[in-house]
Amino acid sequence: MKAIVFAKYGSPDLLQLKEVEKPVPQDNEVLIKIHASSVNPFDWRTMRAKPFFIRLQEGLLKPKNKRLGADFSGQIEAVGRKAKQFQPGDKVFGICSGAFAEYVCVNEDEIALQPAGATFEEAAALPIAAITALQGLRDKGQLQPGQQVLINGASGGVGTFAVQIAKSFGAEVTGVCSTKKLALVSSIGADHVIDYTKENFTQNGQCYDLIFDAAAYHSLSDYQRALSPQGVYVWIGGSLAMILKIMLSRSKKFTLLSAKKNKKDFNLLKELFETGQVKAVIDRSYPLREVAEAIRYLEAGKARGKVVITVEHNSK
Ligand SMILES: NC(=O)c1ccc[n+]([C@@H]2O[C@H](COP(=O)([O-])OP(=O)(O)OC[C@H]3O[C@@H](n4cnc5c(N)ncnc54)[C@H](OP(=O)(O)O)[C@@H]3O)[C@@H](O)[C@H]2O)c1
């Protein structure tokens, strides 16, 4: 089967589409024929080993795991001896290691049926980005109906889901993004939009019950000013220096999210999609052989919502 591999850390130029061994499911695993994947900042950070501490986990000098990609959707082709939850033919989605490939084996406890009515591309857009939005708003942010929430980075993969999920919780949502993407953020339900190239939301006198920050580039004191007295700030991404500042601050108002894959949450996202409360905003798709191009596009900050990879199976 074909898969994207990288032998050294570095630029997308180092990614290669190679023939690798097709995996065989262990007892509790299922073999999935991948139809689509999507690109996340996690992929290019792993590819570049950026920040440096990624090497502590992924391999100091070169990647221990040479495969890339995490989000996937596809169809079950075979099930392991003890796997009981799925049948061959079921359409599933989830997060795994090495998803930029034609096949993967995944533990059946870590995946869910994809939403009814979703295309493979739409299902593949959900996993990391939507689960991050859900866990940030619900678990860290404790978002309640009627609250004022600000989504910073509202036009990106995580942000487009965060705007919609916050609306589904009954919040009043303000989305922050660049000029060209204001219409997109309004179109997915934001009640207010702020163009960060023209207005600094930390200095306009507004206060929020929750700031969900996928693009953290302000100071802690700026964020503090934009929070209501009981308000909470959730760091998702952006400046890594913020992680240290938040840890050192020891303030209960500031929290960090490290999203975790979770079958229950995949099922909740399935329901939100099926009831029309959440849709996937897909900017564009690339075939598997053009993963490098897809990563370049995402890294350049051009994407509106998600960048998807489609996997065709005509090259056996
Ligand atoms: N903590 C976790 O568990 C977790 C999980 C997933 C992702 N993340 C992180 O979350 C971040 C966002 O992920 P993503 O998938 O949404 O990435 P993405 O699709 O690349 O989106 C990033 C967004 O940031 C916005 N942005 C850039 N500079 C900004 C600024 N100064 N003010 C406001 N917005 C700004 C961009 O909007 P414009 O184009 O409009 O400028 C873009 O839409 C990344 O850093 C990623 O690593 C963390």
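Figure 1. The contact, meaning heavy atoms within 4.5 Å, takes 12 residues from domain 1 and 14 residues from domain 2. Residues are numbered from 1 along each chain as its sequence is written, and side-chain values use heavy atoms, with hydrogens and water left out. Because the model is predicted, local features need pLDDT of at least 70 and side-chain atom pairs count only at pLDDT 80 or more, whereas totals for chains, interfaces and linings use all residues.

**Figure 2. The interface of domain 1 and domain 2.** The two domains bury about 980 Å² between them, 60% of it on carbon and sulfur atoms; buried area here is the accessible area (1.4 Å probe) that two parts lose on being put together, summed over both. Of the area that domain 1 buries against domain 2, Leu126, Val281 and Arg304 supply 48%, more than any other three residues. Across this interface the rule finds 6 residue pairs in polar contact, both residues at pLDDT 80 or more. A polar contact is a pair of N or O atoms within 3.5 Å; within protein, one must be able to donate a hydrogen and the other to accept it, and residues adjacent in sequence count only if both atoms are side-chain atoms.

**Figure 3. His192 and its surroundings.** His192 is found in strand β10, which covers residues 192-195; strands (E, at least two residues) and helices (H or I, at least four) are DSSP runs, numbered from the N terminus. His192 touches Glu172, Val173, Thr174 and Gly175, not counting residues up to four places away in sequence. A polar contact of 2.7 Å joins the side chains of His192 and Glu172. With a relative accessible area of 36%, His192 is partly exposed, since buried means under 20%, exposed over 50% and partly exposed in between (1.4 Å probe, protein chains only).

**Figure 4. Backbone features in two loops.** Most residues other than glycine have a negative phi, and most peptide bonds are trans. In the loop between α1 and α2 lies Ala49, whose phi is near 55 degrees and which counts as buried at 5% relative accessibility. The peptide bond from Lys50 to Pro51 is cis, with omega near 0 degrees. Arg250, in the loop between α8 (241-249) and β13 (254-256), also has a positive phi, near 55 degrees, but counts as exposed at 75% relative accessibility.
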